[in-house]
Amino acid sequence: MLDKEILDFIVCPKCKGDLKLEGEFLICQNCQSKYPIKDDIPILLEEEAQKINQNIKKEEV
Ligand SMILES: [Zn+2]
């Protein structure tokens with residue numbers, strides 16, 4: 001389980017917005033980017049967020 005205290009000091013790499021834990025992802029409150037968590041480590045890479053966001057868009061269409 002990801003330590004929630006970590007959320008106090010990590011921010012969105014894109015816009016420096018606050019991140020919210022949602023299931024196995026961190027979601028930026030500001031730009032809605034979604035970042036995966038792997039082995040309890042948040043993967044705060046724009047590249048990863050883009051992949052996920054693209055997948056979500058495909059599923060919605
Ligand atoms: Zn953001």
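Predicted model: local features only at pLDDT ≥ 70, side-chain atom pairs only at ≥ 80, totals over all residues.
User: How are the donor residues of the zinc ion spaced in sequence?
Analyst: The donors are Cys12, Cys15, Cys28 and Cys31. Written as a pattern, their spacing is C-x2-C-x12-C-x2-C.

User: How many residues apart are cysteine 15 and cysteine 28, and where does each one lie?
Analyst: The pair links distant parts of the chain. Cysteine 15 belongs to the segment before strand S1 (19-22), and cysteine 28 to strand S2 (residues 25-28). Their separation is 13 residues.

User: Is cysteine 28 buried or exposed?
Analyst: The cut-off for buried is under 20% relative accessible area. Cysteine 15 comes out at 28%, so it is partly exposed. Cysteine 28 has 0% relative accessibility, so it counts as buried.

User: How many salt bridges does the structure hold?
Analyst: One joins the side chains of glutamate 22 and lysine 20, at 3.5 Å from N to O. Another pairs glutamate 48 with lysine 38, at 3.8 Å. Lysine 51 also bridges to glutamate 48, with the closest N and O atoms 3.5 Å apart. The count is three.

User: What is the relative accessible area of glutamate 22?
Analyst: Its salt-bridge partner is lysine 20. Lysine 20 is partly exposed at 40%. Glutamate 22 is partly exposed too, with a relative accessible area of 40%.

User: Which residues are linked in a network of salt bridges?
Analyst: Glutamate 48 bridges to lysine 38. That pair spans ten residues, from helix H1 (residues 46-60) to strand S3 (residues 34-38). Glutamate 48 also bridges to lysine 51, three residues apart within helix H1, about one turn. The network is Lys38, Glu48 and Lys51.

User: Does glutamate 48 count as buried or exposed?
Analyst: Lysine 38 and lysine 51 are both partly exposed, with values of 44%. Glutamate 48 has 14% relative accessibility, below the 20% cut-off, so it counts as buried.

User: Leaving out residues up to four places away in sequence, which residues does glutamate 48 touch?
Analyst: Glutamate 48 lies in helix H1. One of its contacts is its salt-bridge partner lysine 38.

User: In what order do the elements of the protein chain run?
Analyst: The chain holds one helix and four strands. Read from the N terminus, the order is β-β-β-β-α.

User: What is the radius of gyration of the protein chain?
Analyst: The C-alpha trace spans about 35 × 25 × 15 Å along its principal axes. For 61 residues the globule rule gives 10 Å. The chain's value is close to that, so the chain is as compact as a globular protein of that length. The radius of gyration is 11 Å.

Definitions and conventions. Residues numbered from 1 in each chain as written. Heavy atoms only, no water. Salt bridge = Lys/Arg side-chain N within 4 Å of Asp/Glu carboxyl O. Buried < 20%, exposed > 50% of the residue type's maximum accessible area, 1.4 Å probe, protein only. Helix = DSSP H or I, 4+ residues; strand = E, 2+ residues; numbered from the N terminus. Donors = N, O, S within 2.8 Å, 3.2 Å for Na, K, Ca; no water. Contact = heavy atoms within 4.5 Å. Rg over C-alpha atoms; globule rule 2.2 N^0.38 Å.
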